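Here is a short report for a first look at this structure.

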Number of protein chains: 2
Amino acid sequence: MEKNILLTVEYDGTDFFGWQRQPDVRTVQGEIEKVLSVICARKIEINGVSRTDAGVHALDQKATFSADFAIPVEKIAEVANNLLGGGKKPARQPSDVRIISAEEVPADFHARFSSVGKTYRYLINNSPEPDIFMRNRCYHVQQNLDVDAMIEAAAFVTGEHDFASFQAAGGNERETTVRTVYDLSIYGSAGDYITMEITGDGFLYNMVRIIAGTLVDAGLGKIPAASLKDILEAKDRTKAGHTAPARGLYLAKVYYDREEMRG
Amino acid sequence: MEKNILLTVEYDGTDFFGWQRQPDVRTVQGEIEKVLSVICARKIEINGVSRTDAGVHALDQKATFSADFAIPVEKIAEVANNLLGGGKKPARQPSDVRIISAEEVPADFHARFSSVGKTYRYLINNSPEPDIFMRNRCYHVQQNLDVDAMIEAAAFVTGEHDFASFQAAGGNERETTVRTVYDLSIYGSAGDYITMEITGDGFLYNMVRIIAGTLVDAGLGKIPAASLKDILEAKDRTKAGHTAPARGLYLAKVYYDREEMRG
């Protein structure tokens with residue numbers, strides 16, 4: 001009998017053309033589907049919760065699919081990871097994608113439609129010189145950032161707003177651009193790594209990267225922190241700051257339980 | 001007038017075919033020479049202290065060259081780094097190699113012949129699951145390592161020895177395989193990151209990686225710690241353990257002063 005399976009997946013997005021399957025290029029969905037199709041001996045398609053862009057990382061991507069298995073569900077991750085590369089064969093190159101877990105879920109559970117929210121993390125390296133070993137995993141900002149100004153600006157973003165000013169062209173045109181940001185926190189200090197963590201019920205195309213870029217602009221003194229209020233009210237992308245690069249962005253957590261998300 | 005310049009360079013070795021210039025492939029020496037040749041408006045060749053293999057990283061590679069400059073010496077690093085990529089242009093991909101400093105040194109100073117020793121670092125991730133973000137920067141060992149056994153084994157390596165058992169074929173055949181290891185330290189604990197740091201007056205081809213692999217074998221209980229004594233005495237590569245992968249190895253420090261090295 002077919003089982004509905006929820007995968008938890010992590011990846012370093014550097015060498016992927018994003019999550020979504022595309023012909024002729026290496027994508028996370030494409031690589032995982034290839035491996036699952038081998039395991040299930042038929043073509044498998046998975047539904048991911050977030051179609052991360054090229055260069056964006058994930059610590060907790062979720063995806064569901066239904067299939068028959070010749071192996072126990074608790075073995076799926078191990079078998080898939082060995083096929084994805086890395087694992088126990090030291091001669092192979094270590095893999096940049098890993099299935100953390102596979103678990104059976106009720107037939108009506110869907111990675112995306114069942115989710116109630118997500119947390120994204122955005123990592124900034126605020127130092128005069130770049131860290132070459134972290135070059136694909138953070139946004140290097142040379143000039144000293146005013147973290148207090150960033151925190152002040154972030155306060156305006158929290159809550160239910162029309163985020164039209166923070167939506168890039170090229171995304172899905174949805175009915176509404178209203179979203180709720182439950183939490184937006186800034187950790188770290190100037191001259192060091194600074195982390196932005198944002199939790200919300202949904203995010204428009206490039207919304208997190210535009211918020212991160214706008215907060216950096218506030219931290220650099222290019223815009224006043226209080227202008228975030230006006231930017232939101234303008235509902236105009238040109239009023240917000242720059243789009244921070246993909247390499248600093250991590251899909252950090254997906255929620256299926258409102259209590260957990262708000263806790 | 002020509003100036004003799006000492007470069008201090010760091011790089012992530014993942015995407016390089018090693019240090020040494022080779023036709024048609026991307027090497028660290030090749031990339032730096034290309035950029036310096038632009039700056040000096042003539043063909044520049046540099047002499048590095050260590051010809052690191054493909055995948056090996058460096059925090060403190062040193063190289064010398066002599067040339068005339070139209071720019072002040074203290075500007076060389078900044079100008080070269082902008083040409084190497086990264087730097088101040090956010091639209092560019094960040095560079096995986098960076099010149100930390102360039103300084104004028106006496107005419108008879110040579111990065112390699114003037115050096116009196118080096119410290120290499122070897123990084124092991126000892127955990128059941130790999131860290132995909134560190135996949136190119138450490139050696140993932142799944143089974144629990146006995147760090148005390150590794151420390152016990154390391155004690156036999158310190159001192160002046162004939163290291164013929166720890167030399168891979170394919171290196172330069174030198175007159176002598178006697179080297180002095182001033183210090184070999186192991187930091188960290190089982191189930192976590194474990195670092196080996198080795199300081200010596202010189203290293204045979206793959207010597208650090210074979211020592212690291214042999215200490216891992218001791219940590220796994222595959223060989224007794226005390227067998228390191230016999231392995232050294234055998235002067236036979238087949239008696240030592242496996243060669244640990246290049247990706248865990250870092251050239252950490254180059255010394256031009258014996259006091260500093262032994263301190």
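## Aromatic pairs

A:Phe163 and A:Phe166 are both buried. This is a predicted model. The ring centres of A:Phe163 and A:Phe166 lie 6.2 Å apart, and their planes stand at 65°. Planes over 60 degrees apart count as edge-to-face, so A:Phe163 and A:Phe166 form an edge-to-face pair. Over all chains, the structure holds 16 aromatic pairs.

B:Tyr11 has 1% relative accessibility, so B:Tyr11 counts as buried. B:Phe16 has 3%, so B:Phe16 counts as buried too.

## An aromatic cluster in chain A

Chain A also has a cluster of rings. A:Tyr11, A:Phe16 and A:Trp19 form one aromatic cluster.

## Where the chains meet

How many residues of chain A are in contact with chain B? The number is 26, and they touch 26 residues of chain B. The size of an interface is often given as the accessible area lost when the parts come together. Between chain A and chain B, the buried area is about 2300 Å². Carbon and sulfur atoms give 54% of that area.

Which residues of chain A lose the most area to chain B? They are A:Ile132, A:Phe133 and A:Arg135. Together, these three make up 33% of what the chain A side buries.

## Charges and polar contacts

Seven salt bridges are counted between chain A and chain B. A:Arg135 takes part in a salt bridge with B:Asp15. Their side chains meet at 3.8 Å, N to O. Across the interface of chain A and chain B, four residue pairs are in polar contact, both residues at pLDDT 80 or more.

## The chain A side

Three elements of chain A give two or more residues to the side that touches chain B: strand 1 (3-11), strand 3 (57-67) and strand 4 (97-105). Strand 3 of chain A gives the most, with three residues.

What is the make-up of the side of chain A that touches chain B, in nonpolar, polar and charged residues? Ten residues are nonpolar, five are polar and eleven are charged.

Technical notes:
Residues numbered from 1 in each chain as written. Chains lettered and ligands numbered in written order. Predicted model: local features only at pLDDT ≥ 70, side-chain atom pairs only at ≥ 80, totals over all residues. Heavy atoms only, no water. Phe/Tyr/Trp six-rings, centres within 6.5 Å; stacked < 30°, edge-to-face > 60°. Buried < 20%, exposed > 50% of the residue type's maximum accessible area, 1.4 Å probe, protein only. Contact = heavy atoms within 4.5 Å. Buried area = accessible area lost by both parts, 1.4 Å probe. Salt bridge = Lys/Arg side-chain N within 4 Å of Asp/Glu carboxyl O. Polar contact = N/O pair within 3.5 Å; in protein donor to acceptor, adjacent residues only side chain to side chain. Helix = DSSP H or I, 4+ residues; strand = E, 2+ residues; numbered from the N terminus. Nonpolar A, V, L, I, M, F, W, Y, C, P; charged D, E, K, R; others polar.
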